[in-house]
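Dear colleague,

Please find below the structure that I am handing over to you, with its sequence. A summary of the findings comes after it.

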Amino acid sequence: MQGWLRRKSFDALERTDPAHRLKQTLSWPHLIALGVGAIVGTGIYTLIGVGAGLAGPGVLLSFAIAGAVCVCAALCYAEMATMIPAAGSAYTYSYTVLGETLAWIVGWSLILEYTVVCSAVAVGWAGHAVEFVHAYHWPIPESLLSGPWTPGGLVNLPAVLITFVVAGVLIAGTRESATLNMGLVAIKLLALAAFVALALPAFKAAHFTPFMPNGFSGFDPVKHQKIGVMAAASIIFFAFYGFDAVSTAAEETKNPGRDLTIGIIGSMVLCVVIYIVVAIAAIGASPPAAFAKSPAPLVFVLDQVHQPTAAKLVAAAAVIALPTVILAFMYGQSRIFFVMARDGLLPRALSRVNARTGTPVVMTLITATVAAALAGVFPLDLIAALANAGTLCAFVATIACVVVMRIREPNRPRVFKAPAWPLVALIGIPGCLYLFTTLPNLTIGLFFVWNAVGLVIYALFSRRSAVLAQG
């Protein structure tokens, strides 16, 4: 039984072979840009339409609920990331605090999360790119512009292509990709500011009535899906997380004690404000039912308020800047995979970094290949919901790590302390568990199947091959 519960020591985190250690090249502006780049993306550019279809104007409440849970998680991530400034995010925290088996479950869930997030954002990006294909009548067959879930679709080629382009940027180097990310994030934020400025003059309070047409939590027997504010919150939740990708950069941060706190908390607070303002402007300018089914709802709203030129510019900004989300999560995924390989839970040969760029090239290519395969064939809502399941697991684990460490080692030095940690845990853990129950039944089932397969792999291979098992 002891082998299943073994923990990595805090000291072991500092004794990593240089051949398996990532280069420290990032500072806090890079981390804030990484966080904003990860958070502000498909969630507000695309998923606001999906959420509005489930909750109507009540999607504003969905944003607030999902945001509150994420704020609790962000505070705990900031505490754990500064206490354990090593790559791996919630997986590394769990390995050090909760034990190897739980760490495996969290790491395996994070692999699911980050991979499918890359896929979901690639599909969201493709939705905007296709608008340009149609507008300029480019001779690309319709069967190559959407996956088989769409009538007449064969493969979502734009989603596949953007995934590999981002992988190429990441392979070039961490600092180089982070610098490019900062520029693209600036474009994305300017586009959202322009949307708000143009949509607010068309604001109509009547669009907010009835506020919750599908109630707080319900079920549509015709479509066989959960509806209401909480169902939308479980999907909108996808729009808020991304700060956890910042924590995966801990090992590559020059001053982790200071920079990680600024990066995680700063990006989260900034994005909450952005989301609320954009959502109010969108609903005020157009009834939610009107843009709910649009693959590019913000572009649709601008067309509705007779701003066709601005609509094209916002669509262009989305096409240019949405890949920052793919970049942030592919970055995080490759680091999670890399650290699990470094710990021996996955083949250790995968944990080598490129001598010139200091990046895990093999893991980045593997991540891109799997993400591209998913993006090419699956629809956005299913992918996003599946990503949420893995994220909620990681959030619960990170909050639990804070609770355990506050009790087990209350005097251990902490650069950042989550304020009112018992209250944060009381809101965060039940909130995450409730959001998990509101996910589609298919998503919940696939999540447990994924982890069942993972536990078989752990029992047959990872438990024996782990570095800790070798003494």
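Predicted model: local features only at pLDDT ≥ 70, side-chain atom pairs only at ≥ 80, totals over all residues.

Residues are numbered from 1 along each chain as its sequence is written, and side-chain values use heavy atoms, with hydrogens and water left out.

**Aromatic pairs.** The structure holds 12 aromatic pairs (rings of Phe, Tyr and Trp, the last by its six-membered ring, with centres within 6.5 Å; planes under 30 degrees apart are stacked, over 60 edge-to-face, the rest tilted). Tyr 77 and Tyr 93 form an edge-to-face pair, because their ring centres are 6.2 Å apart and their planes stand at 70°. Since Tyr 77 belongs to helix α5 (residues 59–83) and Tyr 93 to helix α6 (residues 89–97), the pair ties together parts that are 16 residues apart in sequence. Helices here are DSSP runs (H or I, at least four residues), numbered from the N terminus. Tyr 77 is buried, at 0% relative accessibility, and Tyr 93 is likewise buried at 0%; buried means under 20% relative accessible area, exposed over 50%, and partly exposed in between, with a 1.4 Å probe and protein chains only.

Phe 436 and Phe 448 also pair edge-to-face, at 5.9 Å centre to centre and 80° between the planes. This pair links helix α19 (residues 421–437), which holds Phe 436, with helix α20 (residues 441–465), which holds Phe 448. Phe 436 is buried at 15% relative accessibility, whereas Phe 448 is partly exposed at 48%.

**Covered helix.** In helix α10 (residues 229–236), 8 of its 8 residues are buried, among them Met 230, Ser 234 and Ile 236.

**Cysteines.** The whole structure contains 0 disulfides (pairs of cysteine sulfur atoms within 2.5 Å). For Cys 76, the nearest cysteine sulfur is that of Cys 72, 7.3 Å away. Cys 76 is buried at 2% relative accessibility. The sulfur of Cys 432 lies 7.4 Å from the closest cysteine sulfur, in Cys 70, which is too far for a bond; Cys 432 is buried, with a relative accessible area of 1%.

**Surface of α20.** Val 453 lies in helix α20 and is partly exposed at 44% relative accessibility. Val 453 contributes to a nonpolar surface patch of about 530 Å², together with Val 449, Val 456, Ile 457, Leu 460 and Phe 461. Patch residues have over 30% relative accessible area and no salt bridge, with nonpolar side chains (Val, Leu, Ile, Met, Phe, Trp, Tyr) joined within 5 Å and like charges within 9 Å; a salt bridge is a side-chain nitrogen of Lys or Arg within 4 Å of a carboxyl oxygen of Asp or Glu. Accessible areas come from the Shrake-Rupley method with a 1.4 Å probe, and for residues only the protein chains shown count as cover.

With kind regards

Technical notes: Helix = DSSP H or I, 4+ residues; strand = E, 2+ residues; numbered from the N terminus.
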